[in-house]
Each structure stands twice: as structure tokens, then as C-alpha cells.
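Subject: Handover of the two-chain model

Dear colleague,

I am passing on the structure below, and I would be grateful if you could read the notes with it open beside you.

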Amino acid sequence: MTTATTASAALSTALPQTEDDDSVEMTIRDAIALALREELLADPHVFLLGEDIGAYGGSYVVTKGFYEEFGPERIRDMPIAESLIVGAAIGAAIGGMRPIAELMTINFSLLAFDQIVNHAAKILYMSGGQINVPVVLRMVTGGGSQLGAQHSQNLEAFYARVPGLRVVCPSTPYDALGMMRHAVHEANPYIFIEHSLLYKTKGRVPRAYYTVPPGQAAVRRQGKDVTLVGYARSAALNLEAAQKLAEEGIEAEVIDLRSLRPLDMGPVLASVQKTNRVVISEDAWLTGGFSSEIACQIQEQAFDFLDAPIRRVNGADVPAPYSRPLEELAYPRVEDIVTAAQELL
Amino acid sequence: MTDAEAMVREAGAVAQAAHDAYPTDEQLVAFLRQMQLIRRFEERAAEMYTRRKIGGFLHLYIGEEAVAVGTINRLRPQDYILTHYRDHGHAIARGLDTKALMAELFGKATGVSRGKGGSMHLFDASKGFLGGYAIVAGHLPIATGLAYAAKARGEDRVTLCIFGDGAVNEGEFHEALNLAALWKLPVIFLCENNLYGMGTALADASATLELYRFASAYNMVGARCDGMDVVDCYRAMGEAMAHVTAGNGPYFLEAMTYRFRGHSMADPELYRTKEEVARWRQRDPIPALRRDLIARGVLTEQQADAIDASVEQEVEEAIRFAEESPFPDPHELYTDIYATEDRSHLALVHQSRVGETTHAMGEDRLP
């Protein structure tokens, strides 16, 4: 059976049959599960490993039912040992398997930082191109659920700094499905970022097979007055902010980076040349955040087009608090983005 | 495999191991040459380091040669090796080309890792030599994953994972041993216990000095051998291979050894006495084997000298090759960061196998 046939078979069983148009609606959670299921069906060397992904069904319920369908050999519950999970995935990948590892949350990935940064990202280079590492590392990022300081971080920018890694941050079901499909078939280590507050985000997904390669930012909304740049949750917030701004007659252009490494600055620069104003938002801390990198590249490459200072709307530079009123102040809100845009005009 | 079948296989493997327990005289002559080759390769590399032909760190294996030669010569061509940063000896014992190895130390384009790895990161995928790694214990989980891949793919491969005594206090050591035992993986953990983690004595770093006993905590077989005796290393590794290839899961082997030189070329060796080093030098495995082979009439003095001369010539040629080779082209700075396709021979094997079962992936599936 070819991969494409299997993929469409998985799609047809997963999708409601009553809809007869070319696309169907699903959540990001469903989209990731669909991509994983396709790959498991298509290639016997694909397997999942992680903490509580089997009998438990995954702590974010992405792999619910997989254990029953594919069995314990291919849905491998791992000891709580993050460095081992990533290291074993690296070794398995070199040895001819296609591992997809789940780190449960990005906070726990810090215990695997050595394997990700010192090993996965460097083996190809250190070996002079002899050995590549096709692993996919899924990790859940984001706060906002009152989980406290150790379960609420946005650390994807750490990984985006590392040559040798890919870092993608889908904000729509379309991207989640297409990016995961692409990731599993790439020859390189992938950090696949899933924002905890976006799992229920709905969107339409084509029935026809497609993939989304990394390094292609998307213009989500056209506008001429101000550019709103973001990724993952902030990409969704930017769309809401643009709606509010439109009610005041301000036309915002919204750009979803989708991928932090490789980074596609083309649409950002083109937009800044048109709007001359830009607000960059992300859930992560302000200091040394990825928004700083975007801002720097804009001033390096489009300085003459700026009519106002670049604005950043980031998470507060604090460990995430538990108490709800405090936590609400710790992450960007739609009104913060709206205010920042208004102040530029 | 049922328990009864496993017992029969184990019994057969043990019988075979007993039969092949010791190397033949012909093998011993080859071992002598290989140990001498490692010794002279490194002594000359040290010279080149002081002449600044070689940069960075240079960790010499001198004194420990019997471990690499005695164990690695037990491996089969399809087996994998992952090792630590003191990796010259392992690479030579695995048969990597000494010219390309010296060129790597010189940072040349003709090096085994094309000048991008250096002394600590020697690779030759075509020989299953999957790298020297310089984060202590970092390669243990990777070795475990490789062993899992071999098992899951139904391949008859053993992964040899070599590390030092300094690695046993890292969390990754324990994580890897646990999984290897839990999943009964075909991996041999070879601990080269040279009594010092860099400059810290094992007794100051570890609550136990018998490191092979860590294996028992994971229901793994653990054994010790004399790392200053190539015959004993070969014997012990034979038992390890028999155990693992019979499908009994992982094996832990601790080789007691000693490095005669400093941790790296920069080491003033304040942490140990000259007397201690001298005592261990009396157990130097190379003259010991040479004396034994001559005493037993396997080699004459002249034949032993001829071996040394051929080693001198090989190392001299390696240095000349390294000297004359070009440095990497500047554009190489930006190559090998991302792969456009699966490149390693392992991945290629994987792809052809995948092709058999699922047909080639459509072009739209590739990056």
C-alpha cells in the first residue's frame, strides 16, 4: 500500500462521512492525531514513544485509542526519563526507525536539553554529513491554565536558536496536519510545538493530501495600517485584535510565522514596507524573546520603512503565578495588542 | 522465544564462547600490531599537538589499548560502536583508516568526519562506527535507541557502548541501563574504568568502586575484566557477545585499566603520584604481549621489530597524508547542518526496506 493511499484511507475513516465538500472541520488535536495515525499506518518503522502515551492515552489526549489500535510495540510508554526518551529516539532514528517522541510538556524537555541541543542538532555536522537524525519531538508549550511556574512556560525560542533543529508552531488544524506530515518525512530533527490552549481550535482541512514545509510564514489577514506578527497562540490573538481594530477603522495585516526555524521574514518585511508599523507578540518572556529577533531583523532590513518604533507585546518577565488574576496579567491579551497598535498610529 | 528455547540458545552460546574463549596466536600477533599502532599513532599525534598541527583537546588512550583491541575485535561487521571522546584507540581497533583519522585530527577535508568533528568526534558509518561523543554519558541513551532499532527491525546487530568510570554518576547512565534491561536490548555497556574522571579519583566520586555491580540493580549481567590484558578483554567480551547474541538482553562489562598520560595534553597531573603511574606502567599491555609471544616462540625478536617498523611507517604515512591534505573549503562551514535526505548507510538500508513494504514515498512526501 502506498503512503498516499494509506493516508487517504486514514483520512476517510477519521472524517465524518456526511460532509461531501472538499474539506472538513476539525480541531488541532484531531489534526495532530490524524497525522500520527496516517504515519503509523503507512510505515511500519514509525513508532511513538513518550510518557503515558499508551494506556493512559496521552496527557493531552492526542493519542487516545492508539494503544488499542497499534499495540504496545508501536505506542511505547516510556519511563519518566526525558533525556532517555529523546536519546533513545535519536538512536532509533539513526538505526532506521522513524520515532515520534512526546515530551508531555516543554517544561520537561529541559531534562532532555542535552540530547536535543548537544546531540540531535549536531550529529550530522560532527559526522561530516554521514549520519542524520530524523526524529520528531512533540512538546506542549504555554501557560494560562493555572498550572504554576513549572508547567506554564513558553520555551520554544530556546530551541529556535539552535542550528540543526527545525522548530514549528502550528496555530491552525491545517498547519498542524500538514506540518506533522512533513516532519515525519524530513531527514532532520523537528521540534513540534503544540500550544495547550490551541488544541480545541477548529478549522477546515482539505480532504486532498498536502504537506506544510517549514519556513513559510503566512499572511492571515490583509491590511494597510499596521502589521501584527505572532506565532502559535499569539497568531490567534492577533486575528482577534485585527477584528477589534477593524471596528475602529484600523486595517491590520496579520502574519503567522508558523515556523521559527527556519524563519521566513519575507512576508514580514513586505508587510512592514506597506504598513510602516509593526507589533510583535508572543506568550514568552520579553527579555531575549523571539520577538527581539524579529524586531532586530526588521530594523536591519527595513529600517527606512518604519514610521514608528517596533512594539513588542510579550509575556511578563516573571515565573508564571498560580492565582488566576495574577496569571491573567502574565500573558498577552487581545487588548494589549490592540492598545499597542493604536499607540503606533 | 520461550524460556526453554532461550535456555537452549544460551547454553549453545556459552558452549561456543568457551570454544572461542581465547584468541589464536595468529590473532594475538594482529592484536600486538594493533595495540602498537594505537600507541604510536597517539605518541606521534601528541608531537603534532605540541607543534600545533592539532588543535583543541587531545585525549590520549595510551595505556588502555588492550581494552579497545580485546573487545572491539570480537564485534562483527554489522555491529555498532558508540564511544566517548577518548576515541582514537576504538577507531583504530575498528579498522578506521589511520590516514583519515590523522587527517581528522589535523582538521583536514580528508578526515573521517571531513574535518568537522575533530579528535573527540570520529565517525565512520560504513564501519558501524557511529561516533565519539564528548558529553559524558550522553551517548548511552542513543546506544540504547540503536539497539532498540536493531531489535525492532529484526536485525542481528549488537551495539557496543563504551564510556568511562566518570559516566556512571550521570543520570543518563542509569536511564539507559534501565531501558536496555527493561526491553532486553542487544547492547553491551563497556565501562573503561581508569580510576579517574578527568582529575577526580573514582573513590572521591563514587560510593562504590565496583562499577559492574550497578548492572545488578537493573537485573543485568555484570562482569569485570583485566583491562591491562588483551587476552582477558577478548575472553570477557566473548562472554558478553555470546550472552547478547543469544537474545538475553544487555550486558555490562567493566574493564579495569589506567591511562598513562594526562586527561588531555593540558593536564599537569597534580591529582596522582608519579609512583602510582610507574606502578601501572609496569603492567603495560604491549611489552607484556610482545614478551609472551617471543617467549612462546610465536614471534622472533626480528619479527616483532618488523611489526614495529611497519607501524612506524603506517603512522608516518598518516602524518604525511594529513599534512598534504587540504583544509575544508570555506563553504563547508554551512554544509551538513540540515540533511536533504537520509544519508547514513543505516538510513539507506532503512529506505530500501521501507520501499519493499510500502513502495517508494511519493515525491510530494519528501522535503
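The notes below take the chain interface, the aromatic rings, the cysteines and some backbone features in turn.

Please keep in mind that this is a predicted model, in which local features need pLDDT of at least 70 and side-chain atom pairs count only at pLDDT 80 or more, while totals for chains, interfaces and linings use all residues. Residues are numbered from 1 along each chain as its sequence is written, chains are lettered from A and ligands numbered from 1 in the order in which they are written, and side-chain values use heavy atoms, with hydrogens and water left out.

I begin with the interface. Contact, which is defined as heavy atoms within 4.5 Å, involves 52 residues of chain B and 58 residues of chain A. Together the two chains bury about 4500 Å², of which 60% is on carbon and sulfur atoms; buried area here is the accessible area (1.4 Å probe) that two parts lose on being put together, summed over both. Salt bridges across this interface number zero, where a salt bridge is taken as a side-chain nitrogen of Lys or Arg within 4 Å of a carboxyl oxygen of Asp or Glu. A charge-over-ring arrangement does join the two chains, with A:Arg166 lying over the face of B:Tyr338 at 4.3 Å from the ring centre. The rule for this asks that NZ of Lys or CZ of Arg be within 6 Å of the ring centre and within 35 degrees of the ring normal. Within chain A, A:Arg181 is placed over the face of A:Tyr210, at 5.1 Å from the ring centre.

Next come the aromatic pairs, for which rings of Phe, Tyr and Trp (its six-membered ring) must have centres within 6.5 Å, with planes under 30 degrees apart called stacked, over 60 edge-to-face and the rest tilted. Over all chains the count is 17 such pairs. In one of them, B:Phe173 and B:Phe214 have ring centres 5.7 Å apart and planes at 75°, so the pair is edge-to-face. Because B:Phe173 is in helix 7 (residues 171–182) of chain B and B:Phe214 is in helix 9 (residues 214–217) of chain B, the pair ties together parts that are 41 residues apart in sequence. Helices (H or I, at least four residues) and strands (E, at least two) are DSSP runs, numbered from the N terminus. B:Phe173 is buried at a relative accessible area of 0%, and B:Phe214 is buried at 18%; buried means under 20% relative accessible area, exposed over 50%, and partly exposed in between (1.4 Å probe, protein chains only). Another pair, B:Tyr258 with B:Trp280, is stacked, at 4.8 Å centre to centre and 5° between the planes. Ring pairs also link B:Phe163, B:Phe173, B:Phe189, B:Phe214 and B:Phe252 into a cluster.

As for the cysteines, the structure has zero disulfides over all chains, a disulfide being a pair of cysteine sulfur atoms within 2.5 Å. B:Cys225 is in no disulfide, and the nearest cysteine sulfur, that of B:Cys233, is 4.0 Å away. B:Cys225 is buried, with a relative accessible area of 4%, and B:Cys233 is buried too, at 0%.

Some backbone features also deserve a look. Most residues other than glycine have a negative phi, and most peptide bonds are trans. The peptide bond from A:Arg261 to A:Pro262, however, is cis, with omega near 0°, and A:Pro262 is found in the loop between strand 12 (259–261) and helix 10 (266–275) of chain A. In chain B, B:Lys184 has a positive phi, near 50°, and is located in the loop between helix 7 and strand 4 (187–193), where B:Lys184 is partly exposed at 47% relative accessibility. B:Glu269 likewise has a positive phi, of about 60°, and belongs to the loop between strand 8 and helix 11 of chain B; B:Glu269 is partly exposed, at 24%.

Finally, helix 5 (residues 113–120) of chain A is mostly covered, with six of its eight residues buried, among them A:Ile116 and A:Val117.

With best wishes
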